[in-house]
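This briefing goes through selected features of a predicted model. Please keep the sequence and the 3D view open while reading.

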Amino acid sequence: MNNPQLDTDGRLRHLLSIEGLPKKILNQILDTAESFVGVAEREVKKVPLLRGKTVCNLFFENSTRTRTTFEIAAKRLSADVISLNVNTSSQSKGETILDTVDNLIAMHADMFVVRHNQSGAAHFIAKHVPSHIHVINAGDGRHSHPTQGLLDMFTIRKYKADLHNLRVAIVGDVLHSRVARSEIHALTTLGVPEVRVIAPKTLLPAQVDKLGVHVFHDMKAGLKDVDVVMMLRLQNERMNGAMLPSTQEYFKTYGLTQEKLSYAKPDAIVLHPGPMNRGVEIDSTVADGAQSVILPQVTYGIAVRMAVMAMLAGGSGQVQGGQA
Amino acid sequence: MKIHIKNGRVIDPKNNIDSQLDVFIVAGKIVALGQAPAGFVANQTIDASNLIVCPGLVDLSARLREPGSEYKATLESELQAAVAGGVTSLACQPDTHPVLDEPGLVEMLKHRAKQLNLAHVYPLGALTRQLQGKILSEMGALREAGCVGFSQANIAITDTQVLWRAMEYAATFGFTLFLHAEEPFLAKDGVAHDGEIASRLGLKGIPSAAEALALASILRIAHETGARVHVSRLSTAEGVAMIREAKQHNPNISCDVSANQLHLTEHDIGYFDSNCHLKPPLRTQRDKDALSSGLKDGTIDAICSDHTPVDEDAKLAPFAEAEVGASGLELLLALTLKWAKQEKVSLLNAISLISQTSANILGIPAGDLSLNNYADICIFDANEYWKISPNTLKSQGKNTPFTGLELAGKVKATLVHGQIVYQS
C-alpha cells in the first residue's frame, strides 16, 4: 500500500494525517514555519511564493476559525483564495463530493483545503484528484486534523527546548477528537517519550493504548509531573446523554482548574485547540493565566499552515519563507 | 440431449466420491457415474481432463437487487455471475424494494429467474412485514410461493417478544429462520470493528459484543421455542464459541461465514478502502482464526458469498458513507479453495461447505451428484489462476476488496438441469 501523502521521491504531496509521515518531514514543516513567523510582523505581510496559484477552501462542515486561518495563510503567500461552504449548497442538492471537486478542478484550482464531517474524506478526495493538485486535510470526522497537530508541536517547541524529554497529557474527549489523534501521532513521531490521555472511559476509543499512550482516568494521577497539558474541546452534543451526565460533573472531574494544574510541573504549559468552553473543560483563570499558550497557538497556526502550503506548492520542500 | 463429461476428477461430498469418473447425463438428469449406460450415445462431450467435476455450488446469501435496485444489478447480470462462479442454486435476501414480504413478489421473482434459465433462485422471505420487526409476514403463503426460509436481512428485530413469536410461529410449521446476529443499539452508526483500526481511523466502531448479545437472545429463544435457526455471517471468535456450545444441546442450530471474513481483517481497510465496508465488519486476526477453526471442526456449517453488488457511485464516498457490501458470487469457489489450501482442508470437505451442506440448510434438492438428480454441475480447474478485476467479473457489482488479487480456481463450465449455461 503506497503512502498517499508522499510522492515517489518521498516528498510531501498531500497533508492528510500525521500518521504515516516521517519525523523528517514533520521537522521540515516546523522548521519552515519558523521562517514564516516573521512575515506577520513586517509592514507588508506577504511573500510571493504562491502567486498565481488558486487555493480552494472546501468546507463541507461549518468552521469559521480554521477556515479563516487557512485563508490568511494562503493570502500571505499571495495565493488567490476561494472559500466554499459546501454543506449548505451543493450537497443538499444531491451533488456528490467528487462532482464538487471536479467542478473546482475544471476552474483550475491548485490546492484544496478540505474539511468534512466524515473520517477519510480528505483521503478520498486526494485519491481522485490529478497529480498536480494538492490536498490539505483541515479536519475529517474523528480522524485527523494534521495542521492543528503540527501547530501544537510548533507551540510546544517554542516553550520547551527538548521534545525528547517531555511528559505530555491530553485531556478530554479523545473518542470524538481528530485533534487528539493528530496530537498523539505528532508527539510519538517526534520522540516525546511519555504521552498520556486522561478521560472517562466513555470518551476514549477502543484500544487507545495501541496508539502509544498511557491511559488515565484521574486528573491528579494523570497530570502529575507533566510538562504540557493539551486540553480538548467537549462538543455540545456530547454533554448531556449517555456519554456524560452533565457539564457540571464533567467540569468537576475533568475541567482544568488552577488546583488541578498544580499537579503538573510548575512550568507546565496549557494548550487548547479552541474554541474553548469556559467552565466546561477549562476554567477561565487557567485559560487566561500565565501558563496558557492558547493565543500563541493561533498565531503560530498561520505560520504552520503557510509552511504546509508552501512546501506542497513549492514541491521541493526546501522553501525558506523568510528570504522570499 | 445426452451429455458425456469425460476424464474429470469427480468430487461429490454427499456420496463421498473423489475419483476419476465419467458423468453421463440424459434429459437433464445424471444417469450414470463411471460406466456409460447401455446404448448411451452422447450428443455432446465435455472433456474434463485435469478438471474437477463437482455439484453446482449452493450459495446461502446473495443479493440480486431485483426488484427495485436494477441500477445496481439485475437478475440477469447476477445470475450470469452466479453460473460464471459455478453457483447453480442460491438463496436471495428479502431486502429488495419493495421488500419480499408478499407472495406475488416472490412468484414474480421465481418466474423471472426461471425464464432466464441460469441458476436456481430460492428466495428467503421477509420474516416480518417490511422487515420492520413488528408484524409477522404471511409465512405460510410465502412458503407456498417458493420461499425456502425467512430472513430479516441485516435488520435486527429489536423487540424480543416479536422475535420469540416469530420463532414460535416458524417452529409450528418447521420453517427455517436465517438471522444475522447484530445488536442494533450497540452497532448504531458503526462502520468498522470497534478496535485498533477504527480508533486510528476515527471510524465509529461495532463492538464484538454486538454479535454476542444478539446471538445470546437468538440462541436462547431458539432453544425455548424449538425453532430451526440458521445464523448468517458469523464474525467473531466469541460468536463461534457460543454456537459451538449451543450446538451441543440444540440440533436445530446451524450457521455460516462469509468468504470475506475468512480472508480479511480490519487491517485490510488500509487508507479507508470503501470496498472493505462490509456487514458484519471485518474483525481481528483472532476472530478470523476462530472462524477458520470453527469451519474446520464443524461449528460453522457453510461458507456463503454474501454477494452484494453495489453501483460504483455508491462506493465513491468517504468510508462511512459508502454503501455496504462486496460482490462475491464469482469469488466463492476461488476464496473457498484458497482457504482450504491454507488450512490443509481436503477438496472434498471444502466443496461440501459450498454445496452439500448449504443445500441441506436450505432444504433444497441440490448440492450432490446422486443418480437421477438433475445435473447441476460445476466443472473447474483448481490450478488455473485468474486475476480479479472489473473486466473479469460478470456481476454488475465490481466492488470487491480482492480486486487485483490472483486466485486459483477457474470455472470452465457450469450445467444447470443438464444444460451448459456457462462455458469459458
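**A buried helix in chain B**

Of the 10 residues of helix α1 (residues 75–84) of chain B, 8 are buried, so the helix is largely enclosed by the rest of the structure.

- The buried residues are L75(B), E78(B), L79(B), Q80(B), A81(B), A82(B), V83(B) and A84(B).
- The cover over these buried residues includes β7 (87–92), α2 (103–116), β17 (406–416) and β18 (419–423) of chain B.

**Helix packing in chain A**

- Helix α1 (residues 23–37) of chain A packs against helix α5 (residues 146–159) of chain A at an angle of about 65 degrees, and their axes are 10 Å apart.
- Angles of 65 to 115 degrees count as roughly perpendicular, and α1(A) and α5(A) are therefore placed in that class.
- The crossing of α1(A) and α5(A) is right-handed.
- On the α1(A) side the contact is made by I29(A), L30(A) and A33(A), and on the α5(A) side by L150(A), M153(A), F154(A) and R157(A).
- By class, the residues of this contact between α1(A) and α5(A) are 6 nonpolar, no polar and 1 charged.

**The sheet in chain A**

- Chain A has an open sheet of 5 strands in the order β7-β6-β5-β8-β9, with parallel pairing.
- β7 (214–216) and β9 (269–271) of chain A are at the edges and have a single partner strand each, so one side of each lacks a neighbour in the sheet.
- From one strand to the next, the twist averages 20 degrees.
- Strands β5 (residues 167–171) and β6 (residues 194–198) of chain A run parallel and are joined by 5 bridges.
- Opposite V171(A) stands I198(A) in β6(A).
- Helix α6 (residues 178–189) of chain A lies across β5, β6 and β8 (228–231) of chain A, and runs at about 170 degrees to β5(A).

**Contact between chains A and B**

- In chain A, 25 residues are in contact with 19 residues of chain B.
- On the side of chain A that touches chain B, the elements giving two or more residues are α3 (97–106), α4 (121–128) and α6 of chain A.
- α4(A) gives the most to that side, with 3 residues.
- The residues on that side of chain A divide into 10 nonpolar, 10 polar and 5 charged.

Notes: Residues are numbered from 1 along each chain as its sequence is written. Chains are lettered from A and ligands numbered from 1 in the order in which they are written. This is a predicted model: local features need pLDDT of at least 70, side-chain atom pairs count only at pLDDT 80 or more; totals for chains, interfaces and linings use all residues. Axes are lines fitted to C-alpha atoms, for helices over the stretch in contact, and angles run from 0 to 180 degrees between N-to-C directions. Helices (H or I, at least four residues) and strands (E, at least two) are DSSP runs, numbered from the N terminus. Angles under 35 degrees count as roughly parallel, over 145 as roughly antiparallel, 65 to 115 as roughly perpendicular and the rest as oblique. A crossing is left-handed if the near helix is turned anticlockwise from the far one by less than a right angle, and right-handed if clockwise. Two residues are in contact if their C-beta atoms, placed from the backbone, lie within 7 Å. Ala, Val, Leu, Ile, Met, Phe, Trp, Tyr, Cys and Pro count as nonpolar, Asp, Glu, Lys and Arg as charged, and the others, Gly among them, as polar. Two strands pair if DSSP finds at least two bridges between them. A residue is buried if 20 or more other C-beta atoms lie within 10 Å of its own, exposed if 12 or fewer, and partly exposed in between; C-beta atoms are placed from the backbone.
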